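Here is a friendly note to read with the structure open beside you. Take the points one at a time and find each place as you go.

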Amino acid sequence: MGPPRSKKRRPTFRRLLKTSGVKLENKLKNRQLKQQNVAKKQRKEQKKLRAAVKDAAIRTPRPLETYRKRPEEEQDEEEFLETLPTDMMEDEDLQQMTAMARQASFITRDLSSCGPVHSGKRRSSEVVRSYEKVPRKMARTEEKEVIHLLPIKDKTGVIPQSVERVVKKHPEEEEEEEEEAEELGEYENEGAPESSSALTAEQREQLRVQKINERKLSIAGLGSAIVSDPYSNIKRLKELRGMLMEADPCAAVTVRKLVMVSLMEIFKDITPTYRIRPLTPEEKATKVKKETRQLREFEEGLVSQYKFYLEDLEQTVKDWKQKKKKRSQAVGFQSYRGLAEVAVRCLSELLLALPHFNFHNNIIVVLVPLMNDPDKQVSGMCCDAFRKLFQQDKGGGASLATVRVISGLVKSLNYNVKPEVLRTLLSLRIKEVEMKKDIEDTAPKKKFMNNKEKKKNLSRMQRKWKKAEEKLEKELLEAEASESKEKKIKLHTETLNIVFLIYFRILKKAQKSVLLPAVLEGLANFAHLINLEFFDDLLNVLQNLIQSGDLTNRESLHCIQTVFTILSGQGDVLNIDPLNFYSQLYRMLPRLHAGLPNDDIIIVLRCLDAMLTRRKKQVSLQRAMAFVKRLSMLSLHTLPNASVGILAASRSTIHAFPKCDFLLDNEVQGSGFYLPELDEPEHCNAQNTALWELHTLQRHYHPMVQRLAVHLCQGAPSEGSGALSVELSRRSPVELFNMYSVKDMTFNPPVAPPGSKKKDRFGATLLDDELQRRVESVLTANEDTELDFNTTDTHALINTRTHTHTH
């Protein structure tokens, strides 16, 4: 027989699992009990401290009996003592009892007091001394940690086991606590600082400069440490952000501004190029590498500090707007505006520098209402920031978020906003949108084969490869970082719909507001992107606005530009003859400003391009000749760049309508006389006149105007001696207008400096070469040189001169 079997069974796998579960539960219980014990001890110590302070403040020691007895009472007491039997007491005891009776009553005496027996009333200073007996810090008690052990199983059941262990602190931690307590005591015992009234103005200024320099050094040290190693020093952001609460009144404003700008630059430097999302509970529970944990801590700290920083900036702006002053505020009302301007500047910089990072929409929500602020500097900064944001936004997400907030602002304020708010929308980079679900034009999406098609068309190995290929393609599509064109067009379409919603609301409900010029300018800018379903209503509204007579020349030009931009784009399918708009522009041409603010000419040139050049099949010859004649009249009294643009537009019209060369001939074509005062281009008989203004423009002081006038007089040829250069002929009228602009007080082409006219020197026409050399040597000699008339050469020179003058 083999050895006897052991009665002790081996632990099964389930029992081992159960034991490991018990270990984990015990660890969790240990941690919870430890936290509870620490919190309980802290509460007890705080309770004892409050009781001690309250006892020292309220409890006053009972005073000893200091009143004197009456003589009659003293006699009665002595008689009573004498009548007592003394045979039972010894003499020593009797003497002691007598001495105690003469003193104050020991029964009523406060034994806790250490003062003399017959002392007078305590002074109020002794009450203050009682506070000194109270401990300034909590009494140290040994922290005990309860450790749960594995339970013991008995006949009665499971018996939990635990052990208490004293937690020992490191000597370094104890030294740090002692140092902190000493610093706190020094701070409390520190007397009041020297009053600023006792210092002179120069001393106060020196003290202020000294404090500001100290703060600058600390800001520079913290900033350089964070930027040099952001992963390790991310916690220093909190220390730097704490300086935003600078409490010293003489340096608070300057220090806060410096901290705001420094934090802005730090965040721009250390912020990653991706958006940080919060971790899920499953991700937090999993074990990761040390580098990954450090990266997570950095991201978490960065997001939290960035959020607090933005909240501080927003609160600074709110305090300025609400004119709210806090009790502990070290900044006066006069400094609120400067702090708010710096905060707005920081928010604007972060809006442009970190459009991909967290809380970007929150910055937009804060800055959009400030675009309508009465302060021009603040509103200007915000409007410029959003213009730059629209121009650099390639994806379209930030533009969509901004336009949504602007739409809500305009509606909430009942259209009482500044026109600059709507003019910022002109900077939107929208070139292409979805037009009424053009399904045929859109590229078909790649379809994956279903199981039926795979079984029918592919073999088993081909199906396997196809499945792997489709999986890889899906992963590549998900991992693609660049914005797809379809998504971009979708965002742009949604953005433009909101923009047109703002414009149409104002046209419908607030036609008399100051926003109408900005709305008309925006419609003219985005007219080529309007859907066909809005054309009829929009044309009627614009025509009514022009006919009302309440619009300025610029607003009327924007209406005309909007109409013809629509008709030259998608609206060419509509059978509409906008004769009224032609007449309106023809009527407005002589009333345009001919001075320096000639920006209206650009709108006129764009309108002429859309009305005559692009719609040449729908325009009659009479109308085109009338416009060419009136444009030549307008070019006589405008600035040079406007004249160049107008003549270039006339050239384009002559090329589109070759029969306009009738205006270059003196012979009359047809019957009737030209009526320049008639505002109907169809009935003014423009074919019976000539472009005599071109002969006047040939003597214009600007060389480019002269060149174009000569070119038009020769019939605007494309080849030959009278043709323009290739560079000029390819430029549009608007480009020529901007090229020769005098806005910057420059003349293009530059004016040549006048030539130097030097007088001919004496003797330049003499025929004798030797005499010519002598004359030049004498004329170039120094005037101070004295001539010696005794020399032969001098006499010969004088005789020669006399001889020359005689002849």
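1. Which residues are buried in α6? Keep in mind as you look that this is a predicted model. In α6, the buried residues are I212, R215, I219, L222, G223, A225 and I226. Among the elements that cover them are α7 (236–242) and α8 (252–270). As a check on the helix itself, α6 runs over residues 201–228, and at 1.5 Å a residue its 28 residues should span 40 Å; the end C-alpha atoms are 40 Å apart, so the two values agree.

2. Helix α21 is mostly covered, with 13 of its 16 residues buried.

3. Now turn to the largest nonpolar core, which has 159 residues. Y309 and L425 are the residues with the most contacts inside this core. Helix α11 (residues 336–353) gives the most to the core, with eleven residues. To see what surrounds L425, leave aside residues up to four places away in sequence: L425 then touches F390, V403, I406, V499, I502, Y503 and F526.

4. Next comes a pair of helices. The axes of α14 (residues 397–412) and α18 (residues 485–509) come within 9 Å and cross at roughly 20°. Angles under 35 degrees count as roughly parallel, so α14 is roughly parallel to α18. On the α14 side, the contact is made by G397, S399, L400, V403, R404, I406, S407 and K411. On the α18 side, the contact is made by L491, E494, T495, I498, V499, I502 and R505. The crossing of α14 past α18 is left-handed.

5. Is Q584 buried or exposed? Q584 sits in helix α22 (residues 579–588), and because its relative accessibility is 18%, it counts as buried. Not counting residues up to four places away in sequence, Q584 touches I546 and I560.

6. Finally, look at two backbone angles. Most residues other than glycine have a negative phi. N414, which is not a glycine, has a positive phi of about 60°. N414 is in the loop between α14 and α15 (419–423), and at 51% relative accessibility it counts as exposed. N685 is not a glycine either, and has a positive phi of about 55°. N685 lies in the loop between α25 (640–656) and α26 (693–697), and its 21% relative accessibility makes it partly exposed.

Note on methods:
Residues numbered from 1 in each chain as written. Predicted model: local features only at pLDDT ≥ 70, side-chain atom pairs only at ≥ 80, totals over all residues. Heavy atoms only, no water. Core = buried A, V, L, I, M, F, W, Y, C linked by side-chain atoms within 4.5 Å. Buried < 20%, exposed > 50% of the residue type's maximum accessible area, 1.4 Å probe, protein only. Helix = DSSP H or I, 4+ residues; strand = E, 2+ residues; numbered from the N terminus. Contact = heavy atoms within 4.5 Å. Axes fitted to C-alpha atoms, helices over the stretch in contact; angles between N-to-C directions. Parallel < 35°, antiparallel > 145°, perpendicular 65-115°, else oblique. Left-handed = near helix turned anticlockwise from the far one by under 90°. Expected span 1.5 Å × (residues − 1).
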